[in-house]
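Have a go at each one before you read its solution.

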Amino acid sequence: MKSLRIALTKGRLEKDTVALFEKIGFDCSAVKNKGRKLILPVGDNQFEVVLAKAADVITYVEHGVCDLGVVGKDTILEHGSGFYEVLDLGFGKCKFALAGPKNKEFFSGYSSKTIATKYPNVARNYFENKGMDVRIIKIEGSVELAPLLGLSDAIVDIVETGSTLKENGLEVIESICNISARLIVNAASLKIRKAEIESLAERMDRAKEGTE
Ligand SMILES: Nc1ncnc2c1ncn2[C@@H]1O[C@H](COP(=O)(O)OP(=O)(O)OP(=O)(O)O)[C@@H](O)[C@H]1O
Ligand SMILES: O=P(O)(O)OC[C@H]1O[C@H](OP(=O)(O)OP(=O)(O)O)[C@H](O)[C@@H]1O
């Protein structure tokens with residue numbers, strides 16, 4: 001049978017995932033010396049790692065061309081639910097927050113507010129739950145610019161250390177939810193290759209706790 005294929009969010013989550021695999025004892029030298037290669041073997045061809053952008057990890061897992069994926073809860077909340085989320089990996093910790101200019105009251109007044117965000121679905125759900133009607137503008141990155149430039153009243157974005165907000169005169173108005181990296185699995189793969197997938201997830205879980 002061909003080896004399991006895991007889609008891995010490249011960038012921030014990549015290093016922590018590789019560190020976790022190495023803790024289990026898998027040889028990750030191909031991933032660490034990847035050059036521009038995007039599909040790489042791990043261990044003794046135990047599985048293959050596919051390096052992809054966060055939202056694409058979900059697309060590949062949902063379509064079943066990858067059996068598993070490592071992706072942030074932020075991306076899951078924004079982009080999808082057609083898969084199983086089997087494990088909180090405990091790294092990539094940050095949170096979603098509503099943030100805006102320091103010392104400026106956001107929830108007062110009657111005028112409709114404008115929100116800039118890279119996560120329009122998350123922002124829409126958040127304000128729907130509050131019964132607030134807001135205008136949402138999608139921004140692709142450095143979302144903190146939007147209120148500084150006068151495009152929006154506030155932002156919904158990821159906050160980790162808080163320094164990006166602080167250095168730009170912004171502050172958290174309200175925390176929305178915690179985020180961390182998750183292991184996701186294609187539904188059909190979980191049926192067909194249950195034992196293999198469960199064994200890998202268990203090993204990742206134990207390595208995460210430092211007991212492997
Ligand atoms: N400070 C942080 N900022 C953004 N994401 C973070 C942070 N800390 C942890 N993460 C997690 O890392 C994941 C990947 O972030 P990364 O910055 O590598 O990619 P991205 O910002 O989604 O995409 P891009 O490649 O466009 O920068 C996020 O989806 C989130 O789950
Ligand atoms: O609280 P902090 O530790 O400052 O981290 C939060 C910042 O990091 C992320 O941006 P990223 O670096 O991914 O760039 P981007 O905004 O262009 O996506 C996020 O969108 C915030 O801007």
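**Exercise 1.** By class, how many nonpolar, polar and charged residues does the shell around ligand 2 have?

*Solution.* Keep in mind that you're looking at a predicted model. Start by listing who is there: the residues around ligand 2 are Gly141, Ser142, Val143, Glu144, Asp157, Ile158, Val159, Glu160, Thr161, Gly162, Ser163 and Thr164. Next, look at where they come from: strand 9 (154–159) and helix 7 (163–167) are the elements that give two or more residues to this shell. Strand 9 has the largest share, with three residues. Now sort by class, counting Gly as polar: you get three nonpolar, six polar and three charged residues.

**Exercise 2.** Work out which residues of helix 3 are buried, and what they pack against.

*Solution.* Step one is the cut-off: a residue is buried if 20 or more other C-beta atoms lie within 10 Å of its own. In helix 3 (residues 54–62), that picks out Ala54, Val57, Ile58 and Val61. Step two is the direction they face: these residues cover an arc of only 95° around the axis, so they sit on the same side of helix 3. Step three is the partners: the buried residues pack against strand 1 (4–9), strand 3 (47–52), strand 4 (68–72), helix 4 (73–79) and strand 11 (181–185). Finally, see what comes after: helix 3 is followed by Gly64, which has a positive phi near 80°.

**Exercise 3.** Asn103 and Ser142 are not glycines: look at the phi of Asn103 and of Ser142. Then decide where each one sits, and whether Asn103 and Ser142 are buried or exposed.

*Solution.* First, the background: most residues other than glycine have a negative phi. You'll find Asn103 in the loop between strand 6 (94–101) and strand 7 (113–117). Asn103 has 7 other C-beta atoms within 10 Å, so it is exposed. Ser142 has a positive phi too, of about 45°. Its loop runs between strand 8 (134–138) and helix 6 (145–149). Count its C-beta neighbours inside 10 Å and you get 12, so Ser142 counts as exposed.

Terms used:
Residues are numbered from 1 along each chain as its sequence is written. Chains are lettered from A and ligands numbered from 1 in the order in which they are written. This is a predicted model: local features need pLDDT of at least 70, side-chain atom pairs count only at pLDDT 80 or more; totals for chains, interfaces and linings use all residues. A residue is near a molecule or strand if its C-beta atom, placed from the backbone, lies within 6 Å of it. Helices (H or I, at least four residues) and strands (E, at least two) are DSSP runs, numbered from the N terminus. The arc is that of the directions from the helix axis to the C-beta atoms. Two residues are in contact if their C-beta atoms, placed from the backbone, lie within 7 Å.
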